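Thanks for coming. I have one structure to go through today, and I will keep to the computed geometry. Please have it open in your viewer.

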Amino acid sequence: MDILMIFIEMMIALLLYNSLFNKGKTDKLLNYSLIIAICSVLFYTFNKSNGIFVYIFLLVAEIIAVAYVDKKNNNLVLIEVFISVIISFIIQSFAMVVVFLITGKTKEYRIIHFLLYAFSILLIIISMRKNNKLKKIDFEGYIEDNLLISNINLNIFMFFMILKLIYDSGNIGNNI
């Protein structure tokens, strides 16, 4: 069950990337699924040894594989995936806060937390599809033109990654 949750969480973040930066094209979803399946099995296998190292290593491997599939520059895909992961971290944090405010507990209700996260990301993907039909927004061109965004995104990514890793490691008690 854990490996399925890891796969779904990683796939949702990559679907968000696809929606934001590839205009929701569905021709590469099978390749993305294979990449995510390999990364989720490796993460599940090696997560117990050193979670931070495994997460960062697999994220970089995923970025390189996605860049190869999309035939894009590795640095551009790095920034685009970081933006998607940052949005995912923010939504996961928000879902955790909502579950905590309603129930007073967090770890016992991980399924509710996960469902809120998945539902929120799917709403973003659907709204991006409808928005792209109305307006032609090119996030990829904007990111390519502005290098300052990469520095800001890297710092935000590190902040939310540290929060997520502390939460997942169990160092934060059940009552925040």
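In which hand, left or right, does H1 pass H2 in their crossing? The crossing is right-handed. Keep in mind that this is a predicted model.

Some context on the whole chain. The protein has 7 helices and 0 strands, and along the sequence the pattern reads α-α-α-α-α-α-α. Of the 176 residues, 40% are buried. The accessible surface is about 10500 Å², with 69% of that belonging to carbon and sulfur atoms. If you take contacts between residues at least 6 apart in sequence, 72% of them join residues at least 24 apart.

Back to the helix pair.

Next, the residues involved. On the H1 side, the contact includes Ile-3, Ile-6, Phe-7 and Met-10. Among their counterparts in H2 are Tyr-32, Ile-36, Ser-40 and Phe-43. By class, this contact has 16 nonpolar, 3 polar and 1 charged residues.

Is Ser-40 buried or exposed? Its relative accessibility is 2%, so Ser-40 counts as buried. Setting aside neighbours within four places in sequence, Ser-40 is in contact with Ile-3, Ile-6, Phe-7 and Met-10.

How values were computed. Residues numbered from 1 in each chain as written. Predicted model: local features only at pLDDT ≥ 70, side-chain atom pairs only at ≥ 80, totals over all residues. Heavy atoms only, no water. Left-handed = near helix turned anticlockwise from the far one by under 90°. Helix = DSSP H or I, 4+ residues; strand = E, 2+ residues; numbered from the N terminus. Contact = heavy atoms within 4.5 Å. Nonpolar A, V, L, I, M, F, W, Y, C, P; charged D, E, K, R; others polar. Buried < 20%, exposed > 50% of the residue type's maximum accessible area, 1.4 Å probe, protein only. Areas by Shrake-Rupley, 256 points an atom, 1.4 Å probe, with all protein chains shown as cover.
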